[in-house]
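Q: Could we go through this model together, taking one feature at a time and asking how each should be read?

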Amino acid sequence: LGVAYCCALFRSVFLCQLIFSVVYALFWRIFLSSEDKATFNAPNPKTPSLLSTVRGIKSATETIINICGFILFFSVFSKALLVSAPVFLRGLLELTVGISLLSPLPFHLRLWYCALFSGFGGLCVHFQVFSACDSGTKKFILSKCLSALLFPPVALFIHEGLSLFSP
């Protein structure tokens with residue numbers, strides 16, 4: 001892949017991600033349930049202590065191990081068991097494996113798939129998030145599915161708009 005193509009892919013998908021992050025943040029802030037607002041605004045009455053620091057480190061270590069386990073599982077699963085599966089399926093399972101298989105495709109298809117995979121994030125990312133967070137799975141899944149549908153056309157639109165200003 002040429003540097004120009006990689007830069008064009010990156011800037012289109014990055015701007016798409018940035019736009020949707022702001023839109024989702026505003027949307028969920030306006031439409032948060034009272035239960036969600038109480039969770040975000042809850043005061044933390046605990047004072048830090050050595051024991052709470054040890055618990056925090058232990059919890060963070062467990063979370064990192066869970067996340068690494070999901071990355072390893074989905075990478076091996078996607079590369080070993082889904083060798084003949086279509087790029088679409090492999091990208092929806094594991095984002096980086098799917099994106100790494102896009103190089104033989106024409107540019108607009110690469111951009112389309114890259115935006116779709118980035119918008120959805122892959123099941124691997126979903127499992128990582130669910131292992132680290134206990135709440136908001138419905139909203140997370142809804143926003144990721146919506147992103148998967150909207151990212152590709154928006155990324156193509158951004159790319160076409162930016163290419164008008166490129167030499």
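A: Let us begin with what counts as a helix: helices are DSSP runs of H or I with at least four residues, numbered from the N terminus. In this predicted model, Phe20 is found in helix α1, and Phe14 has its place in that helix, which covers residues 3-30.

Q: How many helices and strands does the protein have?
A: The secondary structure comes to eight helices and zero strands, so that the pattern read along the sequence is α-α-α-α-α-α-α-α.

Q: Is Phe20 buried or exposed?
A: Buried means under 20% relative accessible area, and Phe20 counts as buried because its relative accessibility is 10%. Buried residues make up 29% of the 167 residues in the protein. The C-alpha atom of Phe20 is separated by 8.3 Å from that of Phe151, although the two residues are 131 residues apart along the chain.

Q: At what angle do helix α7 and helix α8 pack?
A: Two packed helices are described by the angle between their axes and the distance between the axes. Helix α7 (residues 122-132) and helix α8 (residues 137-163) pack at about 160°, and their axes are 11 Å apart. That angle makes α7 roughly antiparallel to α8, since angles over 145 degrees count as roughly antiparallel. The crossing of α7 and α8 is right-handed.

Technical notes
Residues are numbered from 1 along each chain as its sequence is written. This is a predicted model: local features need pLDDT of at least 70, side-chain atom pairs count only at pLDDT 80 or more; totals for chains, interfaces and linings use all residues. Side-chain values use heavy atoms; hydrogens and water are left out. Helices (H or I, at least four residues) and strands (E, at least two) are DSSP runs, numbered from the N terminus. Axes are lines fitted to C-alpha atoms, for helices over the stretch in contact, and angles run from 0 to 180 degrees between N-to-C directions. Angles under 35 degrees count as roughly parallel, over 145 as roughly antiparallel, 65 to 115 as roughly perpendicular and the rest as oblique. A crossing is left-handed if the near helix is turned anticlockwise from the far one by less than a right angle, and right-handed if clockwise. Buried means under 20% relative accessible area, exposed over 50%, partly exposed in between (1.4 Å probe, protein chains only).
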